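Hi,

Here is the structure I promised to pass on.

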Amino acid sequence: MAAAVASIGLMDSAYFVGRGEILSWINATLQLSLGKVEEAASGAVQCQLLDMVHPGVVPMHKVNFDAKTEYDMIQNYKVLQDVFNKLRINKNIEVNKLVKGRPLDNLEFLQWLKRYCDAVNGGIMNENYNPAERRSKGCKERNHKGPNKSSKSLQANRLSSANSADGAPTTEKVCISTVTEEHYMQQIQQLSEKIADLKVSVDSTEKERDFYFSKLRDIEILCQRPELEHLPMTKGIRKILYAADAKDSPLSEANEIITRSPGMFSDEAECQATPNASYT
């Protein structure tokens, strides 16, 4: 069952699970507080989800939960790929897309991963699994060094240290600068979140558009078959397909073409009148 999940198609129900449900599942399973799917772009979350369903297979001491650069993220995905190879999971990991933090790419991978985990454990959480403890053991050395600080904090500290050495009272200037930077950072963060939501919406709309366009294209090809293109039903369908005016519906004209065409229902009537007729 779990092996079959690796080849599920994009129209599978797994890929219709929303971001909210995916985030709730991750946060509840791993005791995290992710607010966006792209926060899982480092690959550490995916490694721990596999650690939960396959205890002892994932070398958690190699998983970097503090990964911020693409290089560190790629190392996490190398660990994940090694685990896939051990478990013989034939699933392509598009690392170059995932580390860019694109919401849709990360959402699709997490949707697939949820389907896989549910297939392995039947959707039941392992009560004996302690996610916080597993992370602390794996990240003990990195945590010992202390949490990473933001660049603006480091810049403020450097300014403070330099000015203190010169004996200049610049604490007030540093505080004002920090507050201003924080204000702009908050605005940037808010705009980035809006852009991410719009990207997800656009990608979803484009997928839906392509899906229905392919259906219409199939109908068009079918209507172009020589034995069908002269039929009134075919003409009515093509009337709808090639209608140029989006405001006025061509449905009434298509109905008129079908109902007024001579011989449209003659074959059907003849068959009903002579059900036992034979051909020689």
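Cysteine 117 has a relative accessibility of 0%, so it counts as buried (under 20% relative accessible area; over 50% would be exposed and in between partly exposed, with a 1.4 Å probe and protein chains only). Cysteine 223, at 7%, is buried too. Searching the whole structure turned up zero disulfides, a disulfide being a pair of cysteine sulfur atoms within 2.5 Å.

Before you read on: this is a predicted model, with local features needing pLDDT of at least 70 and side-chain atom pairs counting only at pLDDT 80 or more, while totals for chains, interfaces and linings use all residues. Residues are numbered from 1 along each chain as its sequence is written, and side-chain values use heavy atoms, leaving out hydrogens and water.

**Glutamine 111**

This residue sits in helix α6 (residues 103-121); helices are DSSP runs of H or I, at least four residues, numbered from the N terminus. Glutamine 111 is buried, at 4% relative accessibility. Leaving aside residues up to four places away in sequence, it touches Ala14, Tyr15, Phe16, Val17 and Ile22 (contact means heavy atoms within 4.5 Å).

**α2 against α3**

Helix α2 (residues 19-30) packs on helix α3 (residues 44-53) at about 60°, their axes 11 Å apart; axes are lines fitted to C-alpha atoms over the stretch in contact, and angles run from 0 to 180 degrees between N-to-C directions. On the α2 side, the contact is made by Trp25, Ile26, Thr29 and Leu30, and on the α3 side by Val45, Gln48, Leu49 and Met52.

Cheers

How values were computed
Helices (H or I, at least four residues) and strands (E, at least two) are DSSP runs, numbered from the N terminus.
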